[in-house]
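Me: I'd like to go through this structure with you, one topic at a time. Can you help me read it?

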Amino acid sequence: MVKRWLTRFKAVKSLFKVQTLTQGWLIMMAIIVTLHLLLLGRGHLWIKLFLSGLFLIGLPLIFTIFVLVIGQRRAEWSSEELTLTALKRVLHHAIPLVLFEGLTLLVGMPLGNYGLTSAFLARLKLPSQWINVVGMHRQLIVPLVIFIYLLILGFWLQYLQVPVQMIVKDQTWRQTRQKWSWWRLSVNLRTLIKPVIGMVIPMALVSELIVGLNWWLDQVVRPGSAMLLGWISLVGLEICLLTMTGILLAMIIWRLLDRPVTAQLVRPNDVHPIPWFAGMLVLILMGLLAWDSLQPVQNFRPSLTISHRGVNKGNGVQNTIPALVKTAKLKPDRVELDVHETKDGQFVVLHDETLKHLAGKNVTPHQLTLRELQQITVRENGTQTHLTGFSAYLRVAEHLHQRLIVEIKSTPEDSSNLVKHFDERYGARLVKDHSWVHAINYDVVTQLKKRDSQLKVGYITTLNFFSPDSVPADFYSFQRNTVGKQFVMAAHNQHVPAYIWTPDSRFDMIRMFAIGTDGQITNRVRRLQNVLNEPRSKFTWAILQNFLFSLL
């Protein structure tokens, strides 16, 4: 099996002896790397749009060149013949190729698209009402989006061979398309998966080994040397990814064309130094991107430690006064807690919408008065206590000189005066205490900010798929799983801090620190404090890890 893979790898590698193919691929990589460099900063809008347009135009052309080189079974291609033929085929089949390109980019969005997905989404301005609907009804909308995505993926897989056959045979969409068939879909899926597994998994393993090597080097070498080695490693990762992607594309096309026998040669009189120039240009751009990505000023900022639900390592029942007292002894910068409105219009400190988890009671805070809720015993982490009202919790926090971030939970059962009542009772005190408020419901954010301009109010993102300036706020609490450096930078471009919830492992804390966050909301405050006290020079590996995650 290994011998068969090596034979295929050598056959595909020989394709890149075709000068036009190699030159076109390097130019596309140069455009992508330049876009990455420009997207790390502000301004240059027209240049970004021009390069994006060039990239979108170039994709069908380079795809067509790949298909012609592999599928035409020509003994030799001259640069002029190949380029001219590819241009004619692209123009002849422009509409279906552009539609297929758009569908492919859509299918690839969850995979990163060379890191351009997050760069695009972090600049995607949407109406705040749309964002709020998704955030408030994510349990319904996310499965629906996944279902729609699977339908699109199935359609893409079903017709995966069509654009390839169109180019090779120079036929129309109607002449090459096939009837819907589960068998065809499964065949195309296997055609796609085998080379992906054969290339991506080894590449991922090698990449993680490089990250691990840099982690070890961070601990044993001087800071300057660690930065240099990190730069070399990052450039190496970029080169490996460039090479792997080109070979992977060639292998997929080769399999879609039923493994044709290829014998591509380059005419001696067609060899000239342009591919070398393009290669050096890409290498220089990669070096600049790696150097810019490793700059500590961009990656590591003064960072707040914020206790999630007022606990540290399960030292009590979440959102209760005994846990607050214990956690405050660690001196976190802030304690984050949750409040719900009660039946009598008061506020209880509680995260869940029911008491099933903490008290084994399937009731909501809106069904009971605050006095009734305070009589309920809650249990967690081997301890038990009673629920508390926010007034009592705030008094203890003020006594401990502990600043807070209050999350206002909102449900359809809330009264229409929820924001008004909260602000009248606690707004002035929170401003005086330098405490803040944030919420998932953007209506709460806007109403509270309108009522009290001095109170610092933030927006909690549950899914990161939009530009932060779509929902203006005093700060953002980004959900950890889908956040990237581009979203943090977008917040900083508004001169607004970006916080992350909820990294608990040392690995995640360092990674989030390395993308330039201003603070982390965590259940392990002490661990985060220890991480933030370590030298920044020991975290070069995290920048490499984040770079890999952003690409894939």
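**Contacts, domains and salt bridges**

Reply: To start with one residue in this predicted model, T540 is in contact with D218, A226, G230 and L294, leaving aside its neighbours within four places in sequence.

Me: Where is T540 found, and is T540 buried or exposed?

Reply: T540 is found in helix α24, which covers residues 540–551. T540 has a relative accessibility of 4%, so T540 counts as buried, the cut-off being under 20%.

Me: OK, stepping back, what does the secondary structure of the protein come to?

Reply: The protein has 24 helices and eleven strands, and its C-alpha atoms fill a box of roughly 85 × 60 × 45 Å when taken along the principal axes. Of the 552 residues, 51% are buried. Among contacts between residues at least 6 apart in sequence, 69% join residues at least 24 apart.

Me: What domains does the domain assignment give?

Reply: The assignment gives domain 1 as residues 1–299 and domain 2 as residues 304–538, and the centres of these two domains, taken over C-alpha atoms, are separated by 41 Å.

Me: How many residues are in contact between domain 1 and domain 2?

Reply: On the domain 1 side there are 27 residues in contact with 29 residues of domain 2. The area buried between the two domains is about 2400 Å², and carbon and sulfur atoms give 56% of that area. Between domain 1 and domain 2 the count of salt bridges is zero, while eight residue pairs are in polar contact, both residues being at pLDDT 80 or more.

Me: Which elements give two or more residues to the side of domain 1 that touches domain 2?

Reply: Those elements are α6 (116–121), α7 (128–136), α8, α11, α12 (223–256) and α14 (296–299). The largest share of that side comes from α7, with six residues.

Me: Tell me about α8, then. Which of its residues are buried?

Reply: Helix α8 runs over residues 138–158, and its 21 residues reach 29 Å from the first C-alpha to the last, close to the 30 Å expected at 1.5 Å a residue. The buried residues of α8 are G154, W156, L157 and Q158, and what covers them includes α5 (94–108) and α11 (182–220).

Me: Switching topic, what does Q529 touch?

Reply: Not counting residues up to four places away in sequence, Q529 touches T305, L330, K331 and P332. Q529 has its place in helix α23, residues 525–532, and is buried, with a relative accessible area of 11%. The side chain of Q529 also makes a polar contact with the side chain of R526, at 3.1 Å.

Me: And how many salt bridges does a search of the whole structure find?

Reply: The search finds ten. One of these joins E398 and R429, whose closest N and O atoms are 2.8 Å apart. That pair links distant parts of the chain, with E398 in helix α18 (residues 390–399) and R429 in helix α19 (residues 418–432), 31 residues apart.

Me: What about R451 and E424?

Reply: R451 and E424 form a salt bridge in which the closest N and O atoms are 3.9 Å apart. R451 lies in helix α20 (residues 442–451) and E424 in helix α19, so this pair ties together parts that are 27 residues apart in sequence. R451 counts as partly exposed at 40% relative accessibility, whereas E424 counts as exposed at 51%. Both residues are also linked with D423 in a network of salt bridges.

Methods
Residues numbered from 1 in each chain as written. Predicted model: local features only at pLDDT ≥ 70, side-chain atom pairs only at ≥ 80, totals over all residues. Heavy atoms only, no water. Helix = DSSP H or I, 4+ residues; strand = E, 2+ residues; numbered from the N terminus. Expected span 1.5 Å × (residues − 1). Buried < 20%, exposed > 50% of the residue type's maximum accessible area, 1.4 Å probe, protein only. Contact = heavy atoms within 4.5 Å. Domains from an automatic or database assignment. Buried area = accessible area lost by both parts, 1.4 Å probe. Salt bridge = Lys/Arg side-chain N within 4 Å of Asp/Glu carboxyl O. Polar contact = N/O pair within 3.5 Å; in protein donor to acceptor, adjacent residues only side chain to side chain.
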